[in-house]
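Let's take a friendly walk through a protein model, one piece at a time. Keep the picture beside you and find each residue as we meet it.

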Amino acid sequence: MTDDIEFNVGLVAITMRGQDVDFRGVPVSAGRGGAEQNGKLREAVIESSDGLRMTIGCAVWDDGSADVQPLDFLAGPDAYRRLEAAGRMTLTDAGAGTRVALLRTLKYGDRGYPSLASVTWEELSELAGTDAADLLLSHGARVGAYEDLRPQPRQYREHPAFAVAEDGLEAVFAAFAITRVIPIMKGFGREGGVEAFH
């Protein structure tokens with residue numbers, strides 16, 4: 001008997017492990033060359049209809065920071081290798097046991113590979129294939145503008161964001177699928193790829 005939680009976000013299947021494990025790695029807050037720290041990690045396996053199979057993890061580190069990072073690229077088209085360099089997502093402590101993340105999306109641009117870009121709720125919904133805010137709400141998140149969910153942000157005030165309780169990891173992994181995996185799958189920003197029009 002397993003306590004894994006399985007759900008889909010569009011054409012992406014997510015299997016979230018039921019328990020945290022001890023983990024040692026480099027938090028996003030420490031930078032790429034930063035020192036390793038201990039933390040607690042919840043792992044998920046992400047599989048897409050075009051062959052991606054990857055493990056990702058949401059870690060809460062000893063320094064109090066939290067983030068989502070790709071862990072192991074197991075199979076899939078080479079385009080998904082970009083997640084290893086640009087797929088990390090920071091969850092900011094907003095107090096009272098809540099963490100907040102901006103919903104910035106990988107998007108193809110002039111460089112020929114996707115990088116993080118600001119998007120609208122309309123674009124997020126286009127990527128998700130359904131109302132993105134409702135989808136995140138259904139997985140336990142609160143949604144809104146970054147400034148409404150995080151006290152005194154320095155930038156990105158009006159950008160889409162979500163907030164979760166410390167145990168709200170379903171929504172975190174759903175957001176990762178919408179903002180990191182599906183944009184690569186759909187070629188978001190490429191000629192002939194998914195592009196929402198305003």
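We begin with Ala-96, which is exposed at a relative accessible area of 86%. Here exposed means over 50% relative accessible area, buried means under 20%, and partly exposed is in between, using a 1.4 Å probe and protein chains only. Ala-96 sits in the loop between strand 7 (89–95) and strand 8 (98–102). Helices (H or I, at least four residues) and strands (E, at least two) are DSSP runs, numbered from the N terminus. Although Ala-96 is not a glycine, its phi is positive, near 55°.

Before going on, a word about the model: it is predicted, local features need pLDDT of at least 70, side-chain atom pairs count only at pLDDT 80 or more, and totals for chains, interfaces and linings use all residues. Residues are numbered from 1 along each chain as its sequence is written, and side-chain values use heavy atoms, with hydrogens and water left out.

Tyr-156 also has a positive phi, about 60°, without being a glycine. Look for Tyr-156 in the loop between helix 4 (146–149) and strand 12 (160–165). With 24% relative accessibility, Tyr-156 is partly exposed.

Now turn to the strands. Strand 1 (residues 5–9) and strand 2 run antiparallel and are joined by 5 bridges; two strands pair if DSSP finds at least two bridges between them.

Is strand 2 (residues 12–16) mostly covered or mostly open? It is mostly covered, with 4 of its 5 residues buried. Thr-15 lies in this strand and counts as buried at 14% relative accessibility. Beyond its neighbours within four places in sequence, Thr-15 is in contact (heavy atoms within 4.5 Å) with residues including Asp-4, Ile-5, Glu-43 and Val-45.

Next comes the inside. In soluble globular proteins, nonpolar side chains tend to be buried together. A nonpolar core is a set of buried Ala, Val, Leu, Ile, Met, Phe, Trp, Tyr and Cys residues joined through side-chain atoms within 4.5 Å. The largest core here has 47 residues, of which Val-9, Ile-14, Val-68, Phe-162 and Phe-173 touch the most other members. Its largest share, 13 residues, comes from helix 5 (residues 169–186). A second, separate core has 7 residues, among them Ala-94, Tyr-146, Leu-149 and Ala-161.

Because 16 of its 18 residues are buried, helix 5 is largely enclosed by the rest of the structure. A kink of about 35° is centred on Ala-177; the bend at a residue is the angle between axes fitted to the seven residues ending there and the seven starting there. Just after helix 5, Gly-187 has a positive phi of about 65°.

Our last stop is helix 2 (residues 121–128), where Glu-123, Leu-124, Ser-125, Leu-127 and Ala-128 are buried. Strand 9 (105–108), helix 3 (132–138), strand 12 and helix 5 are included in what covers these buried residues. Just after helix 2, Gly-129 takes a positive phi of about 75°.
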